[in-house]
Amino acid sequence: MIATLIQYPLFAALLALVGLAAVFGALLGYAAVRFKTEGNPIADEINNILPQTQCGQCGYPGCRPYAEAIANGEDINKCPPGGEAGIQALADLLDVEPLPLDSEHGVVAAVPSVAFIREAECIGCTKCIQACPVDAILGAAKQMHTVIISECTGCDLCVEPCPVDCIDMIPQQESLQTWHWNLPDPVSRHVDIIATDEPQDDASRDRAA
Amino acid sequence: MRKTFSFHGGIHPPENKHQSVRSAITDAGIPPELIIPLSQHIGAPAGVVVTIGEHVLKGQVIAEAQGFVSVPKHAPTSGTIHAIEDRLIAHPSGHFAPCIVIIPDGKDEWIECKGRPDYETLDKLALIDLIRHAGIAGMGGAGFPSSVKLSVKAGTHIETLIINGTECEPYITADDALMRERADQIIEGAKILRHIIGPQETLIGVEDNKPEGIAALRAAAQGSGIEVVQFPTKYPSGGEKQLIEILTGKQVPSGGLPSQVGVVCQNIGSTVAIYEAIVHGRPLISRVTTVTGDAVREPQNFQTLIGTPMRFLLEKAGYQPEKNKRLIMGGPMMGFTVPDIDVPIVKTTNCLLAPTEDELPTPPPAQACIRCGMCAEACPASLLPQQLFWFAQGKEFEKLEEHNLFDCIECGACSYACPSNIPLVQYYRASKAEILQLRRDHAKAEASRVRFESRQERLEQAEAEKEAKRAARKKAAEQRAQAGGGDTTEDPIQAAIARAQAKKAAQQGAGGEQSELETLEKAVVSGQKRLDTATAKLEEATAQGSDFVEALQTGVEKTRAKLQKAEQALTDYQQTHNQAAAEPDEPPADAAKAAIEKAMAKRQAEAALSPAEKALADLAKLQQRLQKTQNTLAQSRANGEEEKVIVALESTVVRLTEKISSTQQQLQQAEDA
């Protein structure tokens with residue numbers, strides 16, 4: 001055997017290469033099975049950035065499907081609730097250029113809103129309950145329904161199915177708990193960048209003259 | 001002399017403390033109206049327990065604590081609850097918040113207070129509970145409930161108890177006045193705290209700009225084992241973490257609590273309040289507030305009821321509104337401009353500062369950062385204010401967090417030191433709030449995601465269950481069909497037809513207008529049926545030894561009773577209508593049976609027919625139907641019926657014609673065969 005190999009070095013080299021290929025192939029094959037990742041990790045990360053309102057404004061039935069679509073090459077600018085900040089975060093994650101929000105899918109709401117059922121008018125049809133993607137509406141057939149405000153994402157999917165039109169989207173009021181300081185106005189800061197540009201009182205102008 | 005340490009940075013702003021300590025603490029008296037906000041502390045607002053129009057006594061609970069991090073509210077004087085409504089409160093937002101409004105009756109009548117001068121016999125938890133029920137929240141500024149701060153986790157070793165008498169902010173002298181006049185109460189309060197915490201040493205830290213206070217405290221502390229420590233004046237030594245570093249040399253880790261380095265801190269004001277609560281049983285209903293600034297004629301310290309409108313207090317001190325451009329609650333460094341002069345004093349109002357424009361001029365416009373680094377030198381938390389400023393402008397929140405923005409105590413030393421007058425603290429406050437908002441949003445998004453996913457899962461499960469049921473039904477039907485084979489009685493359609501015919505037969509059998517009799521008969525039949533099923537169920541349950549045997553037993557009895565009633569009603573009816581002779585011997589159930597038998601016989605007869613005969617019979621039937629439909633159609637046309645009806649009839653005619661032709665074909669085939 002060895003004599004044959006020595007006699008045909010080409011054959012020996014071939015054998016060695018095939019042997020190596022078999023070993024590494026087996027190793028890689030094993031690793032592929034052993035360290036298999038469940039699901040699509042990039043879609044998970046994208047899903048973490050999306051605002052989870054499940055509003056469907058992007059054209060997908062929920063945030064998770066849109067995340068998967070983005071992972072497969074869909075545009076990142078179809079999520080109005082995420083706003084510019086969301087698009088920026090997605091662009092950073094995927095290392096692509098941030099695009100302006102696609103206005104076809106809606107505009108960024110100035111303040112988040114929550115659904116409110118005018119309970120006197122509710123007929124208990126359960127249509128809104130079936131439409132709510134996060135089970136934030138409480139009620140039963142022929143019983144009055146109401147919205148659990150803390151769970152409502154403000155997606156407004158319940159407004160359209162209501163046959164008596166008793167659901168309003170109410171912008172959330174700023175409360176003591178949600179109030180916070182705002183950044184100093186950068187515009188005025190730049191306007192006043194040279195303090196002596198300010199209109200001076202007469203006395204100092206006289207002195208200058 | 002104890003060795004003291006220093007902390008990084010710090011500034012020396014003009015103190016301006018002398019104005020307000022020229023006279024002793026004055027009692028401000030009872031204002032015409034008291035406004036008590038439900039949320040004066042960090043944590044959940046208290047829940048109202050009084051009603052409008054109710055008369056309350058001084059010290060009576062008017063709002064209960066809700067949750068662990070919360071404190072109750074007490075009536076500051078006796079009077080009537082005038083309103084429970086939203087009022088403007090002392091908050092930089094200028095928001096309205098729920099308040100209880102009391103109109104005092106002037107009698108200042110105390111509720112019965114039970115002090116515990118023998119506090120040393122009480123255990124730690126009982127004392128903490130007393131402090132909680134007295135409504136004591138940190139009186140230095142933040143308003144963190146004292147009971148929460150004192151509830152140190154079991155197993156934590158506390159080495160040092162620190163009473164914070166620093167009061168480093170300019171103008172404020174409320175704690176200084178307490179030290180001068182009520183040193184013995186402070187020491188007594190410190191002893192109570194020492195009893196609760198059980199530290200190795202108890203220190204009272206005071207800056208060296210309050211020599212009178214230090215002297216009074218030292219005199220009172222003689223022989224108590226409590227040490228009064230004096231250290232150089234520097235702003236902001238009064239910050240909890242800064243004071244701990246000054247007195248112990250230990251640094252509280254970033255994001256950590258003082259108890260992690262074995263220290264518990266309490267403010268002088270809170271210490272006095274704890275003394276009052278434990279020894280005299282009096283809740284926190286008043287505090288010492290400094291009223292100062294050049295826009296008041298007589299700056300001084302007032303013993304003020306919580307809820308007193310600021311206007312009342314300012315007027316007592318000789319307020320000159322024309323000189324005062326903005327009213328500040330707190331000191332010039334960390335205080336904020338109050339939205340209106342009528343807002344109430346709260347538990348954290350240590351100072352009302354009414355400066356003139358000359359005294360605290362409006363900050364000149366901010367200029368560009370020149371990267372001088374003065375802010376970094378001044379920062380007591382050893383942060384990089386300049387760097388944070390850039391990130392705050394660029395809204396780079398991740399970078400801000402990496403640069404430990406949350407260690408910023410918002411003392412304002414950087415803004416004070418900045419030669420470009422950049423309102424640095426403002427940037428940090430806003431950025432902190434924004435980051436917290438983002439965190440809240442993210443937590444909510446996470447919760448929504450979980451809810452969405454579990455909903456999705458639930459819907460899928462429901463769909464799968466439905467599918468499984470459908471499959472099972474289909475399978476069962478198939479099996480029945482197979483097992484039944486040619487047996488006509490098992491055919492559901494046939495059975496339905498038989499039922500319908502039986503009904504008809506029964507009706508015809510009874511004849512004429514006997515609907516009442518019919519219902520009675522039906523009641524008897526169905527009652528019999530129900531009794532049979534119930535009895536069968538009972539037997540089954542008894543055999544299995546089920547728990548429901550008793551319930552089933554009563555059910556059977558009830559059904560039996562009902563059946564008897566129905567039978568009785570039937571016989572009564574028959575007797576009264578004198579039709580007993582009609583067919584009293586034949587129970588209606590038998591009529592139905594007979595009908596079924598008749599139907600079965602017919603069916604069998606049909607089955608016995610040859611295909612040709614069957615087809616012939618079908619054809620005859622179909623032709624009959626066609627004739628009938630055509631008649632109806634003609635009639636409808638003549639009557640000018642709706643178009644819809646006519647169209648439907650026409651289509652029926654077409655369908656029947658088709659069927660007839662196909663049946664004719666079948667007949668042809670059968671004959672050929």
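## A loop residue in chain A

A:N77 lies in the loop that connects helix 4 (63-71) and helix 5 of chain A; helices (H or I, at least four residues) and strands (E, at least two) are DSSP runs, numbered from the N terminus. The model is predicted, so local features need pLDDT of at least 70 and side-chain atom pairs count only at pLDDT 80 or more, whereas totals for chains, interfaces and linings use all residues. Residues are numbered from 1 along each chain as its sequence is written, while chains are lettered from A and ligands numbered from 1 in the order in which they are written.

With 21 other C-beta atoms within 10 Å, A:N77 is buried. A residue is buried if 20 or more other C-beta atoms, placed from the backbone, lie within 10 Å of its own, exposed if 12 or fewer, and partly exposed in between. Apart from neighbours within four places in sequence, A:N77 is in contact with A:I87, A:L99, A:P100, A:L101 and A:D102, contact meaning that the C-beta atoms of two residues, placed from the backbone, lie within 7 Å. A:N77 and A:H105 are 28 residues apart in sequence, and their C-alpha atoms are 8.9 Å apart in space.

## Helix 5 of chain A

The 12 residues of helix 5 (residues 83-94) of chain A should span 16 Å at 1.5 Å a residue, and the 17 Å between its end C-alpha atoms agrees with this. The expected span is 1.5 Å times one less than the number of residues.

Within helix 5 of chain A, A:G86, A:I87 and A:L90 are buried. Viewed down the helix axis, the buried residues of helix 5 of chain A fall within an arc of 100°, so they line one face; the arc is that of the directions from the helix axis to the C-beta atoms. The cover over these buried residues includes helix 3 (41-49) of chain A. A:E84 and A:D92 are exposed on the other side of helix 5 of chain A. After the helix comes A:D95, which has a positive phi, near 55°.

## Helix packing in chain B

Helix 4 (residues 183-197) and helix 7 (residues 268-279) of chain B pack at about 75° with their axes 8 Å apart. Axes are lines fitted to C-alpha atoms, for helices over the stretch in contact, and angles run from 0 to 180 degrees between N-to-C directions. Helix 4 of chain B is therefore roughly perpendicular to helix 7 of chain B, given that angles under 35 degrees count as roughly parallel, over 145 as roughly antiparallel, 65 to 115 as roughly perpendicular and the rest as oblique.

The axes of helix 1 (residues 124-133) and helix 7 of chain B come within 9 Å and cross at roughly 110°. B:L127, B:L130 and B:I131 of helix 1 of chain B meet B:I274, B:A277 and B:I278 of helix 7 of chain B.

## Chain totals and interface

Chain A has eight helices and four strands, and 22% of its 209 residues count as buried. Chain B comprises 19 helices and 17 strands, with buried residues making up 36% of its 673 residues.

Between the chains, 22 residues of chain A are in contact with 25 residues of chain B. The side of chain A that touches chain B has 11 nonpolar, seven polar and four charged residues. Ala, Val, Leu, Ile, Met, Phe, Trp, Tyr, Cys and Pro count as nonpolar, Asp, Glu, Lys and Arg as charged, and the others, Gly among them, as polar.
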